[in-house]
Amino acid sequence: MPAFIKRKPMLLFLALLLALGGFFAYMALAFPKVRCEGAHLNAPDEYADCLECHLKTTPKVSQDWHESKHGVLLVKCVVCHGQPDGKGSIPFNPAPDPMFICARCHAPSIQRMEEKFGLKPECESCHPNHQNPMHRNAYENRAPSDKTNF
Amino acid sequence: MGEHKSKIRPAALGAAVLAALLAFAGYTLRASSSMEFCSATCHEMGPQAEELRYSSHALDAQGKPISCAQCHIPPGFGPRYLAVKAYSGIKDLVVHLVQSPDPATMRRAPLQPVARRFVDDANCLACHADLYKDAKGEKTVSDLGRLAHDAYLGKNGQAKSNCAGCHINIAHLPAFDRRLLVNQAFAGRISLKEARR
């Protein structure tokens, strides 16, 4: 073995790199980081009442919405996310495009922000859509946003 | 004769060393999955183990206490098991030695998705074989639960989520999740414990 290392150090290094890469590739495939891919059950009667199911399946997002300004003013799920059956004017999207969705109501504010600060409409990074509770520190309960969709 | 001897000796020595290494690996694989290792001696999961005692997953249907490894490590000794043991073994050792975090002030929100990633469906199904009843086989699930489990089994749409994708806070409840309506009973048991102490 030592003779082999002396003769072909590059080959051994490549083999180690390949083994390590294979290990991480296996981890990524066998244990996916994103669990829920926005799949939906086919129960048409349940479509109108998102909250009833989602208080149980995605409790954090649902309750944060319920306590937020959007929840208090009853800006319901479908207003931004559309309906999973594809009906209505808003396409169903778990992560809606702020340029299209937020601008439907907040276009004047977006225009002011653009004029004053030259900001692009990436609203969510400063104004968490669901997590804006009225009686609590607005940014206290921010969930990890990169791995799961709770 | 001398040459013959010199060839056998290293082979025997190599075999002995390999056997010792395998025995040591087997021992450490078992020892590092124990409840004491996770919560008391080496791994900083004391609060999690304490919360488990007040959760619905403290005891199984036979009344035996459920251990960390029963949910958090894939079953058997297959590639999934070994991959998780290697991955989390190295990660946890590095974190333990480099950061040595304090369990009381640990930031738990970013840990949740990492932990959920390694909770295998097979671990859940070992006790919850019938998805329309509870683990004891007595109570049936709600209408909502029946619909969701239909989707999981592919009878009504197809959910791509797995068990831990929907069932969160079933055994651990950090302070920031106690306000959620679905966790009311669990949060109540924990706050009762804290009030009595």
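A residue is called buried if 20 or more other C-beta atoms lie within 10 Å of its own, exposed if 12 or fewer do, and partly exposed in between, with C-beta atoms placed from the backbone. By this rule B:S142 is exposed, because 10 other C-beta atoms lie within 10 Å. B:S142 is found in the loop between α7 (121-127) and α8 (143-152) of chain B. Its C-alpha atom is separated by 46 Å from that of B:L97, a residue 45 residues apart from B:S142 along the chain.

The structure is a predicted model, in which local features need pLDDT of at least 70 and side-chain atom pairs count only at pLDDT 80 or more, while totals for chains, interfaces and linings use all residues. Residues are numbered from 1 along each chain as its sequence is written, and chains are lettered from A and ligands numbered from 1 in the order in which they are written.

The model scores ipTM 0.71 and pTM 0.70. Confidence in each residue is given by the predictor as pLDDT, from 0 to 100. The mean pLDDT of chain B is 85, and 95% of its residues reach 70 or more. Within chain B, helix α2 (residues 35-41) has the lowest confidence, at a mean of 80, and α7(B) the highest, at 91. Chain A averages a pLDDT of 76, and 73% of the residues score at least 70. In chain A, confidence is lowest in helix α1 (residues 2-7), at a mean of 67, and highest in helix α2 (residues 9-30), at 90. Over residues 144-150 of chain A, pLDDT stays under 50, and the model has 18 contacts beyond four places in sequence for these residues. Two residues are in contact if their C-beta atoms, placed from the backbone, lie within 7 Å. Where pLDDT is low, the predicted coordinates should not be read in detail.

Helices (H or I, at least four residues) and strands (E, at least two) are DSSP runs, numbered from the N terminus. Chain B contains ten helices and zero strands. The radius of gyration of chain B, taken over C-alpha atoms, is 22 Å, well over the 16 Å that the globule rule gives for 197 residues, so chain B is more spread out than a compact globule. The globule rule is 2.2 Å times the number of residues to the power 0.38. Along the principal axes, the C-alpha atoms of chain B fill a box of roughly 80 × 45 × 30 Å. Of the 197 residues in chain B, 16% are buried. Among contacts in chain B with a separation of 6 or more, 53% are between residues 24 or more positions apart.

A nonpolar core is a set of buried Ala, Val, Leu, Ile, Met, Phe, Trp, Tyr and Cys residues joined through C-beta atoms within 7 Å. The largest such core has seven residues: B:L52, B:C71, B:F118, B:V119, B:C163, B:A164 and B:A171. Apart from it lies another core, of six residues, among them B:L147, B:A148, B:A151 and B:C166. Residues up to four places away in sequence not counted, B:V119 touches B:C71, B:H72, B:C163 and B:A164. In soluble globular proteins, nonpolar side chains tend to be buried together.

Helix α10 (residues 184-196) of chain B has 13 residues, which at 1.5 Å a residue should span 18 Å, and its end C-alpha atoms are 18 Å apart, in agreement. The expected span is 1.5 Å times one less than the number of residues. One of the 13 residues of α10(B) is buried, so this helix lies largely in the open.

Two loop positions in chain B also count as exposed. B:K64 lies in the loop between α3 (46-52) and α4 (68-72), and is exposed because 9 other C-beta atoms lie within 10 Å. The C-alpha atoms of B:K64 and B:H167, 103 residues apart along the chain, are separated by 22 Å. B:S100 is placed in the loop between α5 (79-98) and α6 (111-117) of chain B, and has 8 C-beta neighbours inside 10 Å, so B:S100 counts as exposed. Phi of B:S100 is near 35°, a positive value in a residue other than glycine.

Chain A has seven helices and zero strands, and 13% of its 150 residues are buried. Its domain assignment, automatic or from a database, gives domain 1 (1-31) and domain 2 (44-125). The centres of domain 1 and domain 2 of chain A, taken over C-alpha atoms, are separated by 47 Å.
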